[in-house]
Amino acid sequence: MTLAGLTDEDCRQRLAGEGLLLQTGPFTVRVYSDVDVFTAQLRYFYSHFPVVDTPAIADFHVQISRPPGLRHWWRPQVQFLIDGQAPFQPFQLDHAFPLFEWGLNWTIAMQAQQYLMLHSAVVERSGKVMLLPAWPGCGKSTLCAALVSRGWRLFSDEFGLVSLDNGQLIPLPRPTPLKNKSIEVIRDYSPDAEIGPAYHGTRKGTVAHLRTPDASVRQSHVPAPPGWLVFPRYKAGAALRMEPASRPQAFLKLANNSFNYQLLGLQGFLGVTRLVRNADCYILSYSDLDEAVDTLTRLADK
């Protein structure tokens, strides 16, 4: 059953009571909340995601709630709790959904140490994965959203989850956060894109979320091997340039884009080494989104 299969009342009762067991990629998240604005956005963005309808052990226990005290009425706020603890300062109430997304990202990065975790967008085509590792400001979310709008399968905008057993990438499709100018760029590039409300004044400026394609959610149990490792960087006005990266160069870049490379020790070293050996490695500079998408699609379709 998906979240859309629950009535509004059933969804509210679960969130306010024993928790809503939401399946996202390999993780089961038990979500609690009594915040109506959050419930509405969760139902929109996760309507096609599976809901676990039987007793199950959750990987994470997450709560979105109003903090006690005068703030409940004056300039109302919302807080993110993981296992009953608040790792962040509260956000303003109407930013409840981006708080949930950022909080869940933080929780995964802190706790899912059974994987090599890369800060990377990940998309799939023809049975192989393309990783786009980059830190904020390099255009990875925009490029990822554009590729998905042209038929690539979304694994994740944020996490490259690598199995330490076999080196395959594990899907974790969730809403893609678009920031500032990227929001209108994707609206123009893909007029049918399902983009939610814009949240102004966040720590990252204006943020709006792109709904995950149904097909990517339905295949979220299907891993894939690495095919290409592309380090993207948007440069305004620059001509497209894609060059092969050497294995040592790719190793250093990938290790530096990992959340837990050092924590994993030898396993992290072996995981990054296997990825670099099994993928074709490139450095991409671009300004024209159409040109970048066409170039990467031709690369995958060779």
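In which strand does His209 lie? The answer is strand E13, residues 205-210 (helices, H or I with at least four residues, and strands, E with at least two, are DSSP runs numbered from the N terminus). The model here is a predicted one, where local features need pLDDT of at least 70 and side-chain atom pairs count only at pLDDT 80 or more, while totals for chains, interfaces and linings use all residues. Residues are numbered from 1 along each chain as its sequence is written, and side-chain values use heavy atoms, with hydrogens and water left out.

Back to His209: with a relative accessible area of 1%, this residue counts as buried (buried is under 20% relative accessible area, exposed over 50%, and partly exposed in between, using a 1.4 Å probe and protein chains only). Setting aside neighbours within four places in sequence, His209 is in contact with a list of residues that includes Phe45, Phe97, Glu101, Pro177 and Tyr199 (contact means heavy atoms within 4.5 Å).

On a 1 Å grid over the protein atoms alone, a cavity is a set of points where a 1.4 Å probe fits but cannot get out; a pocket is an open set with protein on both sides within 12 Å along at least five of seven lines, and lining residues have an atom within 4 Å of a point. The search of the whole structure turns up 2 cavities of 30 Å³ or more. H3 gives the most to its lining, with 3 residues. The second largest cavity comes to about 30 Å³, and its lining includes Ala145, Thr176 and Leu210.

Then there is the largest pocket, with a volume of about 880 Å³. Its lining takes in 31 residues, and Pro136, Gly137, Ser141, Pro177 and Lys179 lie nearest the centre. Helices H3 (96-111), H4 (140-149) and H5 (181-189), plus strand E11 (176-179), each give two or more residues to this lining, and H3 has the largest share, 5 residues. Sorted by class, the pocket lining has 15 nonpolar, 10 polar and 6 charged residues (Ala, Val, Leu, Ile, Met, Phe, Trp, Tyr, Cys and Pro count as nonpolar, Asp, Glu, Lys and Arg as charged, and the others, Gly among them, as polar).

Key. Points joined across faces, edges and corners; volume = space filled by probe spheres on them.
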